[in-house]
Amino acid sequence: MRKTSVVIKTIQQLWNSIARIFITFFVSSMIMQKPALSQEQPAKGNDQQPAVHETTEKKDADKMAASTGKKGITVFLSAGFHPGVFDTSSYQKNAADNYVYGSGRLIYTTDEAFNAVKPALESYSGGFAVMSDLPLDSWLSFMQSAYFIYEFDAGIFYQMSLPVDLYQKTAYLPYENKQAPHVNLTSVTYPSVIKVTEQNNSLSLMTNLYLNLKPLSQQYLGTGAFHFKVGLGFGPVWVNRQTDVSLLTSLVQVNTGTDNDYQLDSRYSQVISSDLVWGFVVSLASVYEIGERHLVQIKAGYNLYAGTADLTTLGYFRELKFTSADYETPYHQTIDTVESIKPLNSHLSIELAYGYRL
Amino acid sequence: MVPAAHAQQDVENTVASTVPPAAVAADSWYLDVAIGTDILFWDADLKSAITQAENSFNGSEINVNHSDFKTSMYLVSAKKVKRAATPFMPGIHFRFGKAFGKHAIDLGLGVSGLLPTSSIEMQSSMLLEEYRICNPSNLTPCPLARLGYVEDSTAQKDYILTLTMNEVYTLIAPTVGYSYKTMQLLDGDLFARASVSFLAMSSKQRIDYLAYPQSTTTTTHALQGVLESTQTSDIGFKVAFSGLWNYYTLSDYQLWLELGITYGIVNMNRTVNGYGSIIYNDSIAASYSHSDNEIAWQSSDTFYLTGFFINAGVRL
């Protein structure tokens with residue numbers, strides 16, 4: 001007779017409950033295999049509870065076996081490199097716009113005493129950034145018809161990019177300081193460099209439903225080893241994003257009166273920290289099975305994100321006046337705002353995966 | 001009786017009918033789901049880097065370089081502004097593995113953080129001192145004294161400081177692990193485990209503060225500001241050694257408990273940004289950015305994840 005304390009039994013029941021919830025949603029195929037063990041596991045002194053599960057699970061397994069035509073686990077584990085490709089031109093434009101357009105932005109101040117007009121920026125050039133994924137997912141077949149196998153897939157994806165220089169341009173910035181002591185600084189044109197660096201990452205728990213076309217391949221190609229599948233998926237996505245924007249002008253010497261060297265300096269960061277949005281993906285995958293258990297998969301997806309995240313913008317813009325001994329800031333403006341934005345645009349993704357059938 | 005399936009798979013256990021069956025059957029796949037926490041010892045360098053914002057209230061000189069408001073000042077909080085000790089990094093772990101007799105190899109993913117926390121929330125008296133040579137008969141070089149932020153004679157005044165610090169972090173750790181079944185213990189198996197993890201970390205700390213004179217009930221004279229430290233997708237690695245006790249239950253699932261030690265490094269490339277404003281009659285008399293002072297815009301710090309960890313989970 002196994003002696004188990006009340007505390008351990010309580011913990012055991014709690015964990016069993018958690019486990020069953022997890023299994024229901026993520027690895028229900030494992031339940032289907034359990035009757036084989038359960039039948040041989042008539043535990044001493046505790047034969048009531050397993051019997052109930054055993055009956056239920058056996059029915060489930062039989063039902064599954066009938067629908068799939070075979071009995072056993074059909075869970076795969078995939079791991080691979082997952083580059084996502086997205087157009088960065090919109091990010092570049094937004095970042096540059098923060099400097100050259102719009103009221104309330106840092107440099108295009110509406111303060112008449114300190115005013116900058118639109119610098120002669122060059123046209124925006126599009127670009128691409130690559131984000132890598134660390135996927136860990138599993139899937140199972142749960143129904144089969146003459147043409148399709150329906151599959152359920154659940155996975156954890158961590159998507160990360162290294163810092164990307166989205167934008168770096170040299171521009172001429174006409175700037176006016178109309179304060180009484182600085183009337184001679186009206187229309188000083190500063191050579192300037194605007195630089196935008198961005199880094200992204202996100203964590204998502206995605207679930208997908210797939211139509212596996214393996215029966216069609218068997219019917220028309222004579223082999224199921226190579227086949228396609230299409231899927232729809234959704235899940236929560238936790239987004240982190242940081243965009244650093246800086247502007248620094250050259251030092252300009254103004255030889256009028258007591259005025260000396262002037263410079264403009266600005267930096268601000270736009271940050272999203274672990275905000276929750278919802279991700280949707282439409283995917284098409286080609287699968288090549290190697291033997292009974294191994295497979296290689298190439299999957300292309302179109303990802304769309306719904307929901308908003310808080311974008312915190314924090315930074316400053318300052319005009320620096322250098323004297324022989326020190327410097328001071330005739331003008332200093334700060335920005336500290338929070339706005340709701342859609343954190344990511346839609347983007348394509350490509351996944352290379354290796355799968356193993358249990 | 002020993003369950004037949006397990007007895008067949010673990011030949012070593014068949015000789016003793018009173019011995020519980022092996023928690024992990026030979027050549028079997030398993031999935032672990034667990035929650036747990038790391039208990040870390042922060043090294044002094046990282047503490048000083050993270051807490052450089054706190055030093056703004058512990059006597060560091062703050063320069064205001066505005067042309068019409070050029071001065072230097074000290075802020076000294078009566079209570080030391082100190083980030084709450086947060087050695088705990090709770091998280092959830094998934095491991096997918098296969099056992100080969102006494103050996104097991106697993107591939108997993110750990111996720112920590114995600115939820116925002118408040119690590120400082122305080123109200124304290126604070127002394128504001130203008131660090132200028134001030135003469136009550138000529139206060140031109142001392143704008144804080146001239147506008148009544150400090151007393152003319154002492155260049156000091158008592159303030160009430162309200163300060164909060166909120167932070168959020170995400171730590172992702174894909175892991176490869178190896179376990180070796182050493183012995184049976186208390187109706188379970190005891191494993192020795194070693195693992196290596198790749199780390200990707202993001203974090204954000206934000207301090208908001210407001211200070212106004214104790215002698216007034218309004219905010220006609222106030223100091224207000226923000227300081228933010230952020231880092232995104234900084235990478236590192238971690239190694240861990242542990243003992244894992246896998247308790248064999250009477251159901252289809254096993255419970256396990258893991259205790260271990262960990263050592264890891266993340267190179268944090270932080271961006272530090274912030275400003276302060278001197279508010280006079282509800283308008284900003286002057287503002288200063290932390291770039292005017294000794295707080296670096298970019299800061300590279302090494303975060304050592306040295307400490308213990310404990311995980312409890314279920315094996316499917």
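Me: Is A:L284 buried, exposed or partly exposed?
Reply: A:L284 is partly exposed, at a relative accessible area of 46%. Bear in mind that this is a predicted model.

Me: Where does A:L284 sit?
Reply: In strand β9 of chain A.

Me: OK, what about A:K229, buried or exposed?
Reply: Buried, because its relative accessible area is 2% and the cut-off for buried is under 20%. A:K229 lies in strand β7 of chain A, and its side chain makes a polar contact of 3.1 Å with that of A:E151.

Me: Switching to chain B. What's the secondary structure?
Reply: Three helices and 13 strands. Of the 316 residues in chain B, 56% are buried. Among chain B contacts with a separation of 6 or more, 75% are between residues 24 or more positions apart.

Me: What's the mean pLDDT of chain B?
Reply: The mean is 79, with 82% of the residues of chain B reaching 70 or more. Over residues 1-24 of chain B, though, pLDDT is below 50, and that stretch has 50 contacts in the model beyond near neighbours in sequence.

Me: How many salt bridges over all chains?
Reply: The search finds 13. One of them pairs B:K238 with B:D38, with the closest N and O atoms 3.4 Å apart. That pair links distant parts of the chain, since B:K238 is in strand β9 (residues 221-248) and B:D38 in strand β1 (residues 29-41), 200 residues apart. B:K238 and B:D38 are both buried.

Me: Which residue does B:D106 form a salt bridge with?
Reply: B:R193, with closest N and O atoms 2.8 Å apart. Here strand β5 (residues 103-113) of chain B holds B:D106 and strand β8 (residues 188-213) holds B:R193, 87 residues apart. B:D106 is buried at 4% relative accessible area, and B:R193 is buried at 5%.

Me: What does B:E228 meet in a salt bridge?
Reply: The side chain of B:K204, at 3.9 Å, N to O. B:E228 is in strand β9 of chain B and B:K204 in strand β8, 24 residues apart.

Me: Which residues are linked with B:E228 and B:K204 in a network of salt bridges?
Reply: A:D336, B:R206 and B:D208 are linked with them in that network.

Terms used: Residues are numbered from 1 along each chain as its sequence is written. Chains are lettered from A and ligands numbered from 1 in the order in which they are written. This is a predicted model: local features need pLDDT of at least 70, side-chain atom pairs count only at pLDDT 80 or more; totals for chains, interfaces and linings use all residues. Side-chain values use heavy atoms; hydrogens and water are left out. Helices (H or I, at least four residues) and strands (E, at least two) are DSSP runs, numbered from the N terminus. Buried means under 20% relative accessible area, exposed over 50%, partly exposed in between (1.4 Å probe, protein chains only). Contact means heavy atoms within 4.5 Å. pLDDT is the predictor's confidence in each residue, from 0 to 100. A polar contact is a pair of N or O atoms within 3.5 Å; within protein, one must be able to donate a hydrogen and the other to accept it, and residues adjacent in sequence count only if both atoms are side-chain atoms. A salt bridge is a side-chain nitrogen of Lys or Arg within 4 Å of a carboxyl oxygen of Asp or Glu.
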